[in-house]
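Here is a short walk through one protein model.

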Amino acid sequence: MKKLYITDLDGTLLTSEASVSDRTKNLINSLIDKGVLFSLATARTHATVSEMFSDVKLNVPLVMMNGVIIYDPTENKVVSSADIPRSAAEKVLGVFEKHGKAPMLYYPDGNKINIYFSDLNNNYQQDYINLRNESGIKHFHYSEKLRIMDHLIYIVTLDPREELQEIYEEITKIDGVNCMFYSDNYTGCYFLEVLSSEVNKGTAASFVKDYIGAEKMIAFGDNLNDIPLFEAADEAYAVSNGHERLKAIADGVIGDNNSDAVATFIYEKENNGV
């Protein structure tokens with residue numbers, strides 16, 4: 001049976017230092033060499049992932065930005081992306097403005113991404129930009145006043161939970177968008193992400209499964225944005241450091257993200273012929 005293994009990154013495959021351990025890299029490369037189909041489903045963009053996995057032989061399309069983009073690492077190209085309906089995006093931006101917040105707006109430009117921002121409400125947002133501004137793919141642009149243009153694919157902000165809770169609740173009532181609200185693995189602040197209602201990690205992973213002709217999908221994750229991925233998978237495993245809600249719907253719980261649990265689990269499963 002042709003199986004696709006697909007894993008979240010932060011808090012799952014990555015260590016608490018947001019890195020891929022050498023052991024995990026070696027195990028993944030050995031699995032790929034044997035013909036194992038291995039992919040990623042992450043909130044990160046292909047800019048970050050390409051650098052992070054530069055010495056891993058990824059050869060299956062990857063799910064980026066929680067399903068907004070599907071990226072082919074073998075051809076270095078975006079296979080597909082999903083626009084947020086313009087009318088819905090206008091309403092989302094209106095909610096932010098009503099609460100005195102300014103999110104970041106992502107627009108694709110071939111393999112590159114233009115990101116527009118206005119006021120930075122906290123140090124989390126400034127750090128977010130600083131950590132990503134060196135990429136050759138992401139280009140940040142300051143705009144005194146944000147406006148919605150065609151082909152917007154992603155809206156994001158970071159703030160303490162109490163600053164975003166009401167905004168999240170209002171956006172969830174807007175037709176045409178999918179809104180996710182979850183804790184960042186590293187800072188304790190919260191991400192609020194908005195994308196088209198047509199996509200999530202689950203729909204994008206299912207696309208990859210069909211695209212490569214896999215008959216079974218086995219998924220791994222740790223956080224609430226992995227729920228759609230788990231729902232789409234034939235088997236799903238949460239890491240032990242994961243959110244309790246995710247563990248509750250998993251087929252099993254494996255080791256934590258600092259013990260190479262995902263790569264070890266796949267390696268043992270493949271070598272035991274399960």
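Begin at Val-68. This residue sits in the loop that links strand 3 (62-64) to strand 4 (69-72). The model is a predicted one. Is Val-68 buried or exposed? Its relative accessible area is 2%. The cut-off for buried is under 20%, so Val-68 counts as buried.

What does Val-68 touch? Setting aside residues up to four places away in sequence, its partners are Ser-80, Ser-81, Ala-82, Ile-153, Tyr-154, Leu-195 and Val-199. Another pair to look at is Val-68 and Ala-205. They are 137 residues apart along the chain, and 11 Å separates their C-alpha atoms.

Turn now to the nonpolar cores. The largest holds 51 residues. Within it, the most contacts belong to Phe-38, Leu-40, Phe-53, Met-65, Met-104 and Tyr-106. Take Tyr-106 and leave out its neighbours within four places in sequence. Its contacts then include Thr-45, Met-65, Ile-113, Asn-114, Ile-115 and Tyr-128. The run from His-151 to Tyr-154 is also represented, by His-151, Leu-152, Ile-153 and Tyr-154, and Val-156 is in contact too. Ile-153 and Tyr-154 also touch Val-68. A second core is separate and has 24 residues, among them Phe-96, Ala-102, Cys-179 and Tyr-190.

Next, strand 1. Which strands does strand 1 join? Strand 12 (residues 216-221) runs parallel to strand 1, with 5 bridges between them. There, Ile-6 stands opposite Ala-219. Strand 2 (residues 37-40) is also parallel to strand 1, joined by 4 bridges. Leu-4 has Leu-37 of strand 2 as its bridge partner.

Finish at the second largest pocket. Which of them gives the largest share? Strand 10 does, with 6 residues. By type, the lining divides into 9 nonpolar, 6 polar and 2 charged residues.

Note on methods. Residues are numbered from 1 along each chain as its sequence is written. This is a predicted model: local features need pLDDT of at least 70, side-chain atom pairs count only at pLDDT 80 or more; totals for chains, interfaces and linings use all residues. Side-chain values use heavy atoms; hydrogens and water are left out. Helices (H or I, at least four residues) and strands (E, at least two) are DSSP runs, numbered from the N terminus. Ala, Val, Leu, Ile, Met, Phe, Trp, Tyr, Cys and Pro count as nonpolar, Asp, Glu, Lys and Arg as charged, and the others, Gly among them, as polar. A nonpolar core is a set of buried Ala, Val, Leu, Ile, Met, Phe, Trp, Tyr and Cys residues joined through side-chain atoms within 4.5 Å. Buried means under 20% relative accessible area, exposed over 50%, partly exposed in between (1.4 Å probe, protein chains only). Contact means heavy atoms within 4.5 Å. Two strands pair if DSSP finds at least two bridges between them.
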